[in-house]
Amino acid sequence: MENAQRFGHVVMLGPTNAGKSTLLNHLIGQKVSIVSPKPQTTRNSVSGILTEGGAQLVFLDTPGLHHQKRGIAPLLLRSAYAALAQADVVLVLLDAARFAGRPDALAAELRPIAKAVGAGHVPVVVACNKCDLIKEKAKILPLLAAVGEALPGAELFPVSALTGMGVAAMLAAITARLPEGPHRYDPDEVSTAPVRFLAGEIVREKLFLALGEELPYSTAVTVELWDENSQPGLTKIACSILVARESHKPMVIGKGGARIKDIGQKARLDIEEMLGSKVFLELWVKVRPGWADDPALLRELGLGE
Ligand SMILES: Nc1nc2c(ncn2[C@@H]2O[C@H](COP(=O)(O)OP(=O)(O)OP(=O)(O)O)[C@@H](O)[C@H]2O)c(=O)[nH]1
Ligand SMILES: [Mg+2]
């Protein structure tokens, strides 16, 4: 059939900080997955739905691959690889700029990914991202060659999730590899994640952006209250920011409460944009030592097994 509908899941896999969430937001045209310059920003596999030209693609943005033994890193790694089971197409994302002039290092980084995707018979598309940062374009070719060797049969695209360069060609290649099938979501839907989860994620993004190097990894956000009924046109939301130690509390709160106020204000504006309504956002900071080892809490955060 010429114009058959296509439907499929595209699992986005790649090292942490490669730009997976940025690319997903670019594809969807709005923020469904949070972004920060810090590694390990994404913790749950977040979906973004794109309905375009007879095809419906459900992208799954996974936590970045990060081979660290401590904290929640092993949990995130398992969940990223587990998402592969749903893939009709695997979209591997790499930070090409980080490897400009070092194709061998890129090949080494690709080895575990090649092993994970090689086992399946799923088509693989590779996006070499952040090409906007590579001033000498001649440096891109050896990188593509290294990727081609590590992942034979994959289709390669130099892209920039920030500027959109190369993204349309990459999307066309992915779409062409999707199976035929009926669409499962309304064309207006952008994610399968509940807005309540996305609101908590927005708070976590502002927290990640506001905090120094180490602290973000020992924090988590839970949504405690969601009330859109008591006042028409206003959604009341309360979130807890969990920190691992008493000494972390003042770092989140800031001098005279300035930092948490700033986090709250920025998060509120984004949540209002997402919901299209006024929001009253309250943030509480709670000390929960060992939250990352608490199976019940991890389940609540969507990280449990
Ligand atoms: N210059 C440039 N920066 C980019 C591009 N794509 C992403 N970034 C930046 O790279 C950083 C990481 O982006 P994310 O989208 O959070 O990366 P990620 O792969 O989702 O990271 P994790 O969730 O931690 O695995 C952010 O500061 C982005 O703004 C790009 O194409 N060009
Ligand atoms: Mg991410």
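**Group meeting: a ring pair and a helix pair**

Okay, let's start with Phe 7: its relative accessibility is 5%, so Phe 7 counts as buried (that means under 20% relative accessible area, with exposed over 50% and partly exposed in between, using a 1.4 Å probe and protein chains only). Quick caveat: this is a predicted model, where local features need pLDDT of at least 70, side-chain atom pairs count only at pLDDT 80 or more, and totals for chains, interfaces and linings use all residues. Residues are numbered from 1 along each chain as its sequence is written, chains are lettered from A and ligands numbered from 1 in the order written, and side-chain values use heavy atoms, leaving out hydrogens and water.

So, which ring pairs with Phe 7? Tyr 185: the ring centres are 6.4 Å apart and the planes sit at 35°, so we call the pair tilted. The rule is centres within 6.5 Å, with planes under 30 degrees apart stacked, over 60 edge-to-face and the rest tilted. Tyr 185, at 24% relative accessibility, counts as partly exposed.

Now the helices, which are DSSP runs of H or I, at least four residues, numbered from the N terminus. The axes of H3 (residues 103-118) and H4 (residues 140-150) come within 9 Å and cross at roughly 30°. That makes H3 roughly parallel to H4, as angles under 35 degrees count that way.

Who touches whom, with contact meaning heavy atoms within 4.5 Å? From H3 we have Pro 103, Leu 106, Leu 110 and Ala 114, and from H4 Pro 142, Leu 143, Ala 146, Val 147 and Ala 150.

How values were computed. Axes fitted to C-alpha atoms, helices over the stretch in contact; angles between N-to-C directions. Helix = DSSP H or I, 4+ residues; strand = E, 2+ residues; numbered from the N terminus. Parallel < 35°, antiparallel > 145°, perpendicular 65-115°, else oblique. Contact = heavy atoms within 4.5 Å. Phe/Tyr/Trp six-rings, centres within 6.5 Å; stacked < 30°, edge-to-face > 60°.
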